[in-house]
Amino acid sequence: MSWVRRSVWDVVPRDQQDTPEGLRRRQVVVVATILIGGVLLGVSLRLEPGSVAFYVATLALAGVWATGAFVSGRLHAGRIASRPVPDTTVRPIVDPILLGLALALLFVVGGLVVREIPWLFDQVRSVTDFADQGALWLVVIVTAVNGIAEELFWRGAAYAAIPRNPVVWTTIAYVVATLGTGNVMLAFAAILLGVVVGLQRRASGGVLAPILTHCTWSISMLFVLPLLFA
């Protein structure tokens, strides 16, 4: 499908190279942010889901990712090829949302298999327990804020800090960070999501498409997974 190819494969030429000094500064900020974020992640996992302290820690972690992203250097929204008008580019809006919904559908199909395996069922159920705690509107806001912050950092600052094979290395780093939760299914989801949004970053040259896909996918999962794993 042409919209998928435009979203994840057709690279729009962009001149976004940092100066050598700017690249080194970005790399230092990225490493420092990962270290601080790792500590906060460990703290948040020891808090009771749905508690005030849990939401504060979770939003604080999102603040660390976002702050690190903006402090590291310039970020770009990105553009993709326009289907109606040849040789023109547009901000990616609809295509990333469709891709996020398609990714959610893929996870739903996989979920039908996973729920038949007791150990994996328990892994996913531990994630859906977070959605059952506290007000749903607050969980949705926290999910969206975290999705935005993660993409600003991983596909914004971290991606730009890696001169070679940034899709591969940012995906690996994202998965390693997710493994800090101790949940295998979250790590597996991070692999698939990381590859897709990494390719979007490569194609568009910016963070807008990854943000829209990540938020669409994560919010869809927030509503669908509890129904599959009730």
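Me: Which residues lie nearest the centre of the second largest pocket?

Reply: This is a predicted model, in which local features need pLDDT of at least 70, side-chain atom pairs count only at pLDDT 80 or more, and totals for chains, interfaces and linings use all residues. Residues are numbered from 1 along each chain as its sequence is written, and side-chain values use heavy atoms, leaving out hydrogens and water. A pocket here is an open set of points on a 1 Å grid over the protein atoms alone, with protein on both sides within 12 Å along at least five of seven lines, and its lining residues have an atom within 4 Å of a point. The second largest pocket has 23 lining residues, and those nearest its centre are Gln 16, Gln 17, Tyr 159, Ala 160 and Arg 201.

Me: Which helix gives the largest share of the lining of the second largest pocket?

Reply: Helices are DSSP runs (H or I, at least four residues), numbered from the N terminus. Two or more lining residues come from each of helix H2 (20–44), helix H6 (136–161) and helix H8 (184–204). With three residues, the largest share belongs to H6.

Me: How many charged residues are in the lining of the second largest pocket?

Reply: Asp, Glu, Lys and Arg count as charged, Ala, Val, Leu, Ile, Met, Phe, Trp, Tyr, Cys and Pro as nonpolar, and the others, Gly among them, as polar. The lining has eleven nonpolar and five polar residues, and its charged residues number seven.

Me: Are H7 and H8 roughly parallel or roughly antiparallel to each other?

Reply: Axes are lines fitted to C-alpha atoms, for helices over the stretch in contact, and angles run from 0 to 180 degrees between N-to-C directions. The axes of helix H7 (residues 166–179) and H8 come within 8 Å and cross at roughly 150 degrees. Angles under 35 degrees count as roughly parallel, over 145 as roughly antiparallel, 65 to 115 as roughly perpendicular and the rest as oblique. H7 and H8 are therefore roughly antiparallel.

Me: How many charged residues are in the contact of H7 with H8?

Reply: Contact means heavy atoms within 4.5 Å. H7 brings Val 167, Tyr 174 and Leu 179, among others, while the H8 side includes Ala 190, Gly 194 and Arg 202. Eleven of the residues in this contact are nonpolar and four are polar, and the charged count is one.

Me: How are H2 and H6 set to each other, oblique or roughly antiparallel?

Reply: Among the residues that meet here are Leu 23 and Val 30 in H2, and Phe 153 and Trp 154 in H6. The axes come within 8 Å and cross at roughly 135 degrees. H2 and H6 are therefore oblique.

Me: Where is Asn 165?

Reply: The phi of Asn 165 is near 50 degrees, a positive value in a residue other than glycine. Asn 165 has its place in the loop between H6 and H7.

Definitions and conventions: On a 1 Å grid over the protein atoms alone, a cavity is a set of points where a 1.4 Å probe fits but cannot get out, and a pocket is an open set with protein on both sides within 12 Å along at least five of seven lines; lining residues have an atom within 4 Å of a point.
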